[in-house]
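Subject: Structure handover

Hello,

Here is the structure I promised to pass on. Please open it first, then read my notes below.

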Amino acid sequence: MFAKIEHGPLMDRVYRHQRHFYDATRKYYLLGRDPMIAGLNPPERGSILEIGCGTGRNLVLAGEAYPKTSLYGIDISNEMLATARKKIGAAGLGQRTNLAYADAADFSPAALFGRRQFDRIFISYAVSMIPQWQAVMREAVSHLTPGGALHVVDFGDLKDLPGFTRTALYKWLAWYHVAPRNDLFDVADAIAVETKTETEAHRLYRGFAWISVIRRKA
């Protein structure tokens with residue numbers, strides 16, 4: 001309930017103006033997004049869902065990298081969805097992309113998109129902004145096909161960076177309601193035990209970015 005009543009309007013306020021220059025500025029520090037997309041490797045005619053699709057930037061790259069897949073995206077910010085629709089349309093991907101407003105912690109893909117499962121689901125720099133991020137990851141895993149995988153990229157623990165850099169970055173992120181999840185890999189491992197899935201952990205750029213993968217057995 002919190003996400004629907006409070007978090008959505010908050011994200012609209014945060015991104016009402018930022019969405020117009022979001023991609024131009026975020027490319028300098030939302031690192032690891034492109035390696036995460038390159039590692040999706042969905043089936044040739046598979047399905048890809050992005051939770052927290054934002055401006056649609058990642059869905060466009062995924063659509064170009066995997067040209068026969070079906071693309072889906074949800075976001076709790078109507079402001080971001082408006083930008084995503086324009087960007088995806090401009091890229092010529094509108095015919096195979098479906099977007100919807102939804103709360104990532106509790107959504108029905110069957111009601112939104114007419115399908116219950118996806119071959120790949122990814123979350124890019126969103127778990128650090130979602131209050132119920134652990135519930136979101138569990139919900140995502142429940143919507144994977146056999147052999148499907150959830151890929152999460154976000155800020156890491158930064159432990160290999162200088163102390164003053166970590167302190168400054170954490171303070172700066174807090175201004176934008178961002179809280180790095182330093183227990184991301186531990187939570188993924190716990191979900192894997194609960195769901196009988198397998199995990200992969202990738203640390204990039206001296207711990208600046210982490211990629212967590214939870215994979216269902218085929």
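In this predicted model, the charged end of R203 sits over the ring of W210. The distance to the ring centre is 5.9 Å.

Next, the aromatic rings. Two rings pair if their centres lie within 6.5 Å. By this rule there are 6 aromatic pairs. One of them joins F155 and F208. Elsewhere, ring pairs link Y72, F113 and F118 into a cluster.

Now the sheet. What is the order of its strands? It reads β3-β2-β1-β4-β5-β7-β6. The sheet is open, has 7 strands and shows mixed pairing. At the edges are β3 (97–101) and β6, and each pairs on one side only. From one strand to the next, the twist averages 15 degrees.

Strands β4 and β5 pair in the parallel sense, over 6 bridges. S124 has V153, in β5, as its bridge partner.

Last, a helix. Helix α5 (residues 78–90) lies across β2 (70–75) and β3. Its direction is at about 170 degrees to β3.

Best wishes

Methods: Residues numbered from 1 in each chain as written. Predicted model: local features only at pLDDT ≥ 70, side-chain atom pairs only at ≥ 80, totals over all residues. Heavy atoms only, no water. Phe/Tyr/Trp six-rings, centres within 6.5 Å; stacked < 30°, edge-to-face > 60°. Lys NZ or Arg CZ within 6 Å of the ring centre and 35° of its normal. Pairing = 2+ DSSP bridges. Helix = DSSP H or I, 4+ residues; strand = E, 2+ residues; numbered from the N terminus. Axes fitted to C-alpha atoms, helices over the stretch in contact; angles between N-to-C directions. Contact = heavy atoms within 4.5 Å.
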